[in-house]
Amino acid sequence: MAAIRFEKAQRWYPKAASPAVAGIDLDIADGEFMVLVGPSGCGKSTTLRMLAGLEEVTAGSIHLGGRDITTTAPKDRDIAMVFQNYALYPHMTVAGNMAFCLKNAGVPKRERDQRIAAAATTLGLTDYLDRKPKALSGGQRQRVAMGRAIVRNPQVFCMDEPLSNLDAKMRVQTRTDIAKLQRQLGVTTVYVTHDQTEAMTMGDRVAVMKDGELQQVGAPMDLYDRPVNVFVAGFIGSPAMQFLDGDLTPAGVTTAGHTMPVDFTREVRGPVVAGVRPEGWRLTSPGAGIPVTVAVVETLGADAYLYGTAKDSGADLIVRATGRDQIRMGDIVHVTADPHSIHLFDAGTGNRLN
Ligand SMILES: Nc1ncnc2c1ncn2[C@@H]1O[C@H](COP(=O)(O)OP(=O)(O)O)[C@@H](O)[C@H]1O
Ligand SMILES: [Mg+2]
């Protein structure tokens, strides 16, 4: 069993004004693929490094398989780390890189060779075992870094932005490969990225961080459908949800001079923030919706995204239309949102209301 538990785990760097990780509580199930996502500097790497034992925990505790590992030496944690820069030994071959920590751990040669051969087969590296890293492509180096983690048969994989150094196409391919491999191996994995698309496509669950604090933990579509606050709502999803200042009344939410009914029963009245994703808008006839001046049309084929501003309030909006709608820059369209696709947030705290 390799379930992980962070209990009020905090990292406060000496002399820093605030903690880098502010005492997080997080449970990761055995075999789960958990993604930590958030903007640069929010504490993702620090959290991962605390788990791997590379960063001191200043308060709280971390548990692995029911065992408190808060102060356990990194080498005794049975956690394999894959770094963004791969950290391969340049003078060693692919096989040498994979063998290195097995040798240190005293694994006999026969077994080392077996494990390396198996990992190489899994990763498609069999033909490259005698090459040095400099003779490999970025994607191949990335796979060697993965291989080095796999051969250890660890209880946990920790991966810190392992795709950042790959070009866009390779990133998409490798994203799928890693997700598949993780499911095949069933090893508990904590994966750090700043890229919400990676988080959405790879994780069983996603933990969104901001300023050293966990904002929300859930399955990708839970975060997408019910973000707990304006931050998560704006961070998860691409193109992003846009927000309109509005007023909540018994008739619905009034924003940009137009009232839209909402699925909302609680007795809250007054200023709110209404968030709508691009696919939540519908084009309507003039007079029946919010007039929007279209600034940019991004045609992707089947879909077209209209980037515009509400004429009355100047608020930014992104509307998904179809590629055949023939809307051009400078056009004025009218839009309204379905009641169930309006996310309501408290205007003061930014917390979800509906
Ligand atoms: N060794 C360190 N000493 C002091 N502050 C650090 C150190 N490492 C990271 N930090 C700070 O901690 C915060 C979180 O950093 P990090 O965990 O690397 O963020 P992320 O990986 O989400 O980009 C940042 O404000 C960063 O400047
Ligand atoms: Mg980082």
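Colleague: In this predicted model, which residue of strand 10 is the bridge partner of alanine 207?

Modeller: Strand 9, which covers residues 205-210, is joined to strand 10 by five bridges, and these two strands run antiparallel. In general, strands of a sheet pair through backbone hydrogen bonds, either parallel or antiparallel. For alanine 207, the bridge partner in strand 10 is valine 217.

Colleague: Which strands are the edge strands of the open sheet?

Modeller: The open sheet has six strands with mixed pairing, and their order is 6-7-8-3-9-10.

Colleague: How many residues of the shell around ligand 1 are polar?

Modeller: Ligand 1 is surrounded by Tyr13, Ala20, Pro39, Ser40, Gly41, Cys42, Gly43, Lys44, Ser45 and Thr46. When these residues are divided by type, four are nonpolar and one is charged, while the number of polar residues is five.

Colleague: What percentage of the area that ligand 1 exposes when taken alone does the protein bury?

Modeller: Oxygen atoms of ligand 1 take part in several contacts, including one at 3.0 Å from a backbone N or O atom of glycine 43 and one at 2.9 Å from an N or O atom in the side chain of lysine 44. In the side chain of serine 45, an N or O atom is 2.8 Å from an oxygen atom of ligand 1. Taken alone, ligand 1 exposes 550 Å², and the part of that area buried by the protein is 53%.

Colleague: Is the peptide bond from serine 238 to proline 239 cis or trans?

Modeller: Proline 239 is found in the loop between helix 8 (230-235) and strand 11 (242-249). The peptide bond that leads from serine 238 to this proline has omega near -10°, and it is cis.

Colleague: Near what value is phi of alanine 87?

Modeller: Alanine 87 is found in the loop between strand 6 and helix 2 (94-104). Phi of alanine 87 is positive, in a residue other than glycine, and its value is near 50°.

Definitions and conventions: Residues are numbered from 1 along each chain as its sequence is written. Chains are lettered from A and ligands numbered from 1 in the order in which they are written. This is a predicted model: local features need pLDDT of at least 70, side-chain atom pairs count only at pLDDT 80 or more; totals for chains, interfaces and linings use all residues. Side-chain values use heavy atoms; hydrogens and water are left out. Two strands pair if DSSP finds at least two bridges between them. Helices (H or I, at least four residues) and strands (E, at least two) are DSSP runs, numbered from the N terminus. A residue is near a molecule or strand if one of its heavy atoms lies within 4 Å of it. A polar contact is a pair of N or O atoms within 3.5 Å; within protein, one must be able to donate a hydrogen and the other to accept it, and residues adjacent in sequence count only if both atoms are side-chain atoms. Accessible areas come from the Shrake-Rupley method with a 1.4 Å probe; for residues, only the protein chains shown count as cover. Ala, Val, Leu, Ile, Met, Phe, Trp, Tyr, Cys and Pro count as nonpolar, Asp, Glu, Lys and Arg as charged, and the others, Gly among them, as polar.
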